[in-house]
Amino acid sequence: MTWVEQRVAIRAIGHLASYEKTFKSVAIYEEEIVKLAMNLASTCLEVVYKEFVGVKDLNMRLKYHCDLLTRGVGGLEMENSKAEEWASQLQCWSLHLLNCFAIKERCLNLICEKFFLKELSEMWGGLANDSSPGGVGLIRVLCYNKDGRRCIAESKDVIKNLCNLSRSSDDWQYMGIDCLLLLLADSGTRYKVLQVASMCLVDLIELRTLGGRSNVGNTITRTLLADFKQRKVKIKNIGVQQVLEEIWGLKVDRKKREQNMSDEKLEEKRVMVSLMKQEGNNSFWLGKIEEAMMKYSEALELCPLRCRKERIVLYSNRAQCKLLLGEANDAISDTTKALSLSSPTNSHSKSLWRRSQAYDMKGLAKESLMDCIMFVNCCFKMDYSSSSSSSSSMKKNMRIPYYAVRMINKQMESTWLFKNAQLKTFVDLSEKTNQPHDVMRATRILLQKKGFIEGLSSISEEPQLIEKGEISRQNLVIKDRERQKNVFTQSV
């Protein structure tokens, strides 16, 4: 059975497993089905690339598959685009089928295998399938089960990926937060994940609404500070202790102090903060980056909690300083705090762009891409709101900043659905032909950077990026997809 037929079969079985009456028939072969679904989810992208997208001789592509993908019309571009969409669907339907068993707490010993959980946390529906949460949807289901939580807590890679998702502007950010909170609420897994999760969640304690939920930050705070006094004895990690003390000081001690302050005193603090921010700005423009960072930090210590807009700017400005100093982790922390304070959440454009750069510095392409998309959307919204005219001619003249176009192109290359399969195939071929190690390494780097160094088109040449003034997963399709998909064939 080829991957095209597998897509139809897994979808049909997934539908049957979704309903109570028909699930019983599917469950007769549950162990075999679960193993096959796991294998499909893990290998389908590589299979589709090897058997179709990455085929060097286009005449070797099965005509039957080409006709199915394009309904008999269209050329290489349409075939590749459709193959990417179907491959994503094949993986997502495999995950849906596994979800059906996990919800009923069946075959968890198979699904929770360590190697699969790591792969699961890296599975992303991608731009071609924005309606599926990918692997994190199944991970969240597993987090509702004690055995599932135990297995997930033992994988540092999974926890790190959940933390990255929680501090992103991805549509499924709330799922990452849910998973971490479920792990922290379980006394059996709390201390295994606290060291990593607390460093991430501390930046989200002032979130208000997210994913249809309200008071998200308060929920995070309560979970982190549960039995805080007793926890000090159990936690030997100084960093975690400092994080929890920081949360306590901000959300408990400082909040109480400010509640007892008069309005006049709070206004006086606000004025002083404004002056300190200006001093920081002056130092920044004079090139005294570390001095500016210190001024912003002092202003944040003084700024009343209710002055959310002022604190957003201070956090974002300090993040810019940290970016210039090469401190990517701290820049991500500060920009996340600013975006948590913004209303609606993740709507402060400068912080989005700065965090996109910070994630790019750390090689986290998906998170960088999502922030850059949100940044561009904010640019559109600001342009519409700031202009008194909304004529169609003005809309056509709107431009996405060139540096954002560069970032989007670069990260779309890195997050391409078949990127890992492409690199793996190339390495396998290199080993078969006995290429020298240095040549293999250099070519692999070239493949990774190819989209960035080839040159980028202007936004006026990328009409697909603009649809109703917004960029989303569904309409973000770069016109040079054919060039992207033929990197491998050109290189060999």
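This is a predicted model: local features need pLDDT of at least 70, side-chain atom pairs count only at pLDDT 80 or more; totals for chains, interfaces and linings use all residues.

Author: A residue counts as buried when its relative accessible area is under 20%, as exposed when that area is over 50%, and as partly exposed in between. To return to the pair, Glu267 and Arg270 form a salt bridge whose closest N and O atoms are 2.7 Å apart, and both residues lie in helix H16, residues 263-285, three residues apart, which is about one turn of the helix.

In general, side chains of opposite charge can pair when their charged atoms come close. Over the whole structure, the search finds 26 salt bridges. Another of these joins the side chains of Lys50 and Glu46, with 3.2 Å from N to O; these two residues are four apart in helix H3, residues 30-53, so about one helical turn separates them. Lys50 has a relative accessible area of 43% and is therefore partly exposed, while Glu46, at 22% relative accessibility, counts as partly exposed as well.

A further salt bridge brings together the side chains of Glu79 and Arg61, at 3.0 Å from N to O. This pair links distant parts of the chain, with Glu79 in helix H5, residues 76-103, and Arg61 in the loop between H3 and helix H4 (63-70), 18 residues apart. Both Glu79 and Arg61 are buried.

Turning to the rings, the count comes to 10 aromatic pairs. In one of them, the rings of Phe23 and Phe101 have centres 5.2 Å apart and planes at 55°, so the pair is tilted. This pair, too, links distant parts of the chain, since Phe23 belongs to helix H2, residues 20-27, and Phe101 to helix H5, 78 residues away. Phe23 and Phe101 are both buried.

Tyr49 and Phe418 make another tilted pair, at 6.1 Å from centre to centre and with 40° between the planes. Tyr49 is in helix H3 and Phe418 is in the loop between helix H23 (402-414) and helix H24 (419-432), so that distant parts of the chain, 369 residues apart, are linked here. Tyr49 has a relative accessibility of 1% and therefore counts as buried, and Phe418, with a relative accessible area of 0%, is buried as well. Ring pairs link Tyr49, Phe418 and Trp416 into a cluster.

The charged end of Lys104 sits over the ring of Phe23, 4.5 Å from its centre, and the charged end of Arg7 sits over the ring of Trp86, 4.0 Å from its centre.

The backbone comes next. Most residues other than glycine have a negative phi, and most peptide bonds are trans. Cys107 has a positive phi, near 60°, although it is a residue other than glycine, and its place is in the loop between H5 and helix H6 (108-111); with a relative accessible area of 13%, it is buried. Asn215 likewise has a positive phi, near 55°, and it lies in the loop between strand E2 (213-214) and helix H13 (216-224), where its 45% relative accessibility places it in the partly exposed class. The peptide bond from Ser343 to Pro344 is cis, with omega near 0°, and Pro344 is found in the loop between H19 and helix H20 (349-361).

Definitions and conventions
Residues are numbered from 1 along each chain as its sequence is written. Side-chain values use heavy atoms; hydrogens and water are left out. A salt bridge is a side-chain nitrogen of Lys or Arg within 4 Å of a carboxyl oxygen of Asp or Glu. Buried means under 20% relative accessible area, exposed over 50%, partly exposed in between (1.4 Å probe, protein chains only). Rings of Phe, Tyr and Trp (its six-membered ring) pair if their centres lie within 6.5 Å; planes under 30 degrees apart count as stacked, over 60 as edge-to-face and the rest as tilted. A charge sits over a ring if NZ of Lys or CZ of Arg is within 6 Å of the ring centre and within 35 degrees of the ring normal.
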